[in-house]
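Biologist: Hi! Could you walk me through this model in plain words?

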Amino acid sequence: MNISSIMHCRRTIATGCALVCLLASGVYAQTPADALLMKGKEICIAPFYTHDTWNKYWEGSLLRENQNIGQLTRNTYSLMLGYGITDRLNAFVNLPYIRTSASGGQMKGAKGIQDLSLALKYSFLLRESMGFQWNILGTVGYSVPVSSYLSDYMPFSLGLGTSEYSGRMILEARHKTNIYFRGTTGYMHRTTTRAERDYYYADKGYYTDIMDVPDALSIDAALGAFLFDHRLQLECYYLHQNSLSGDDIRRQNAPQPTNRMNFQSASLYARVYPELIKGWSIFANYGQVINGRNVGRSTMVTAGMTYQFFTKKQTL
Amino acid sequence: MKIYRIIAVIFVFGTFLSCDKDLPTGIRYDNYTFDNPDSKGGTWKPVLLASADQIAIPQPEDISSAAYKTELENIKNAIKEGDPANGYWGSNPILRWNEIARELAAKYNLTPAPNADGTYPAPNPAQPGVYPYFPFAHPPYTARALAYMSAAQFDGMIAAWHYKYKYNRPAPHLTDSAIRPLYDHGSLPSYPSDGAVIGAISREILSAMFPLEKEYLKSKSEELKKSLVASGVNAESDIIAGDSLGRGIAKIFLKRASTDGMSKAQTPKAVSDSIANAAFSKFGWQWTNMETPQRPVGIAPFYGKLKTWNIPDITTIRPLPPPHPNSEEFKKAADELVQIQNNLTHEQRKIANWWSDGLGTYTPPGHWNRFATDFIVKYKLNPIRSARVYAYMNMAIHDAGISCWDAKYYYHYPRPIQLIDQFKTILGTPNFPSYTSGHSTFSAAAAAVLTYMFPAEKNQVDQWAKEASDSRIYGGIHFRFDCEAGLLQGKKVADLCINEAVKDGAD
């Protein structure tokens, strides 16, 4: 296997992690799905950690502080596995453990395993033309809560507590200079979540413990480059995600899973392939929510590593 | 490729499967016939009315009159056009008005946000539309709104029943068999329209309690009046008489409301501080709000001074003092809370959340009105019996609130987060003193009245009240002694209320 395909694989894993993370809980996402694929029978393992904090949030469209929360911290420890089913079809599994806490007030934080995510990525088209390598891919994802965490405990809750079906289309154009552009559009269908109360108000009263979690649409764009003979990858990334329905957090009220959660975020991503250790890479991501509605103005720092290898069956 | 296709199919199919998001926004019930019309209902003892005929209505036109015949034709035309509310009001509109009241409580149950300088604004009834909007429908406020609405509805039904059986105008379909009513009220006379009485009273009382909703409430009551004709239940003259009777009765209740002490319940800071100081010099403790920035005044310090419905002397209900924070008894209670928070089970968490009825919800009084509504439907009560359930239950809940607030600000006992170092909770701590627990007091009072009205439900409602009370311990916001004292207090209040109910002539 040539060096370039190893790199593709490794990079796929890390961004695949982020992809699954994104699928599971869009609002906490940092980096995008990418346009690359692992080879058939290739396995990737990627542990990573995300430190997400905010001290202001948007109550509807009003950006505010809340000293009874102070700074909210969300620490996520994830383990992701990727597998090349074929050269064109890859599968990903991700499982995060999350811990939340607030620096102010007297409310207890939450901790536990969040959602199990599964994703498949398929390459429809890979073609060279006009000096670019064009790649069109599609992903489908599914995630489901695997612990009895309470979604109706925002902003401390571990996640939205809903199953999510998602689909994405990815287009990447890579120039022979190893500068690339990528654009993605995705749709996330969320089912419902179960509160531990059978009445709640979301623009009107609901007499049920079932909360409708709004579907969401996302658009993102990335500009990046592989430098130093593919040993360093740098990427700028912009994500815009909007809920398609939902209510606003009411004045001085707590958020809830029925809210319309919109955000735009910008991130910088770097990934290094140390020459000394075969099959390993380390990566880091810095992201900032720059605008939003009913979400925290999060600053997110992610660090992780990947290890990639072929199963015994296939040797090169 | 094959795998991919299968996955795609599963994905698309799953999407369609999970698209059913038609969630209930109100009670759903089957319309029912009133088996027993309670023909003696006009002789029952009203709450505030001096007599059932205190508010006069004109004698109706005879059913053989030309005017009434025209009205019957109008009913047929209205039926042809269809119910403008699409069956929403159902056979017993009082259920919907109770639901509307709960909805408004949830809508207005929001605490003011702090100003940028760390001070807090307060709702101003003279300028309800300026933030923070008036009212802040916290549990005491909601208890009172529901009590006035329900007590007035009950008096309205007694007056309506008096005239119904005085004039004995048969339901429209009994005079003209071409009329097929949507709801068959059997032999219940139709003049005046009980639905219109309920609509007018509810609209008037709720408009006073939720002034920003006047237009909404008007549209609801107008819709109900049209609906009563379009469903073949009432003629226009039934409606006009009912509407006027209801307005007259609402006035009597609103007059009481204007002088019951509520306008002074939210005291200025100086008064609030002196209440706290009085408690401190008497007991050696005082409750303090723990929010940042600190709220200068708790919720409704003088609510305990409100005029009660059925408690002759509030101090006779006041419980004994809570244990001193230095005592062994206190230490035991505090240790219990820490133990529970450190080892909270899923079941305990669920109970805490299930009963939390906190900000943005219909409050514990609303929760018990929901239960009452379910029982009224289950036992197919007619409008006057329904009104009686709501009236006595809500008077008891309101009195329970007054009595509880009397204890809260008399003892001014600190909350667990104030007395237990580094204590963190899963529920937000409310902005008023700890002792006694409002949930416990409200719930015990409501459960006792519901037991009196629906004896077969005793075990169920007692269990609910106990669970509502325990929920505050699991939530970390009340000591066990707050809850136990509250349950006893609520029961005592309810007994005073039931003493009146047994004498009203309905049994």
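Modeller: Happy to; we can go through the chains, their interface and a few residues.

Modeller: This is a predicted model, so to speak of local features I need pLDDT of at least 70, side-chain atom pairs count only at pLDDT 80 or more, and totals for chains, interfaces and linings use all residues. Residues are numbered from 1 along each chain as its sequence is written, chains are lettered from A and ligands numbered from 1 in the order in which they are written, and side-chain values use heavy atoms, with hydrogens and water left out.

Biologist: Great. How many helices and strands does chain B have?

Modeller: Chain B has 17 helices and 0 strands. Helices (H or I, at least four residues) and strands (E, at least two) are DSSP runs, numbered from the N terminus.

Biologist: What about contacts between residues 24 or more positions apart?

Modeller: Counting contacts with a separation of 6 or more, such residues account for 85% in chain B and for 65% in chain A. Contact means heavy atoms within 4.5 Å.

Biologist: How about the surface of each chain?

Modeller: Chain B exposes about 20,300 Å², with carbon and sulfur atoms supplying 54% of it. For chain A the accessible surface is about 12,200 Å², and 61% of that belongs to carbon and sulfur atoms. These areas come from the Shrake-Rupley method with a 1.4 Å probe; for residues, only the protein chains shown count as cover.

Biologist: Switching topic: how many residues are in contact between chain A and chain B?

Modeller: On the chain A side 44 residues take part, in contact with 49 residues of chain B. About 4,300 Å² is buried between chain A and chain B, and carbon and sulfur atoms give 58% of that. Within chain A, A:Gln106, A:Glu196 and A:Tyr207 lose the most area to chain B, together 20% of what that side buries. Buried area here is the accessible area (1.4 Å probe) that two parts lose on being put together, summed over both.

Biologist: B:Pro192 is a proline; what kind of peptide bond joins B:Tyr191 and B:Pro192?

Modeller: A cis one, with omega about -5°. B:Pro192 lies in the loop between helix 5 (172-175) and helix 6 (194-209) of chain B. There is also a cis peptide bond between B:Phe134 and B:Pro135, with omega about 0°, and B:Pro135 lies in the loop between helix 3 and helix 4.

Biologist: And where is B:Pro93?

Modeller: B:Pro93 is in the loop between helix 2 (66-81) and helix 3 (94-108) of chain B. B:Pro93 is buried, since its relative accessible area is 6%. Not counting residues up to four places away in sequence, B:Pro93 touches B:Gly195, B:Ile198 and B:Leu224.

Biologist: Back to chain A: what is phi at A:Lys41 and at A:Asp229?

Modeller: Most residues other than glycine have a negative phi. A:Lys41 has a positive phi near 70°, and A:Asp229 has a positive phi of about 55°. A:Lys41 is in the loop between helix 1 (3-24) and strand 1 (42-54) and is partly exposed at 28% relative accessible area. A:Asp229 is in the loop between strand 15 (216-227) and strand 16 (232-243) and is exposed at 60%.

How values were computed:
Buried means under 20% relative accessible area, exposed over 50%, partly exposed in between (1.4 Å probe, protein chains only).
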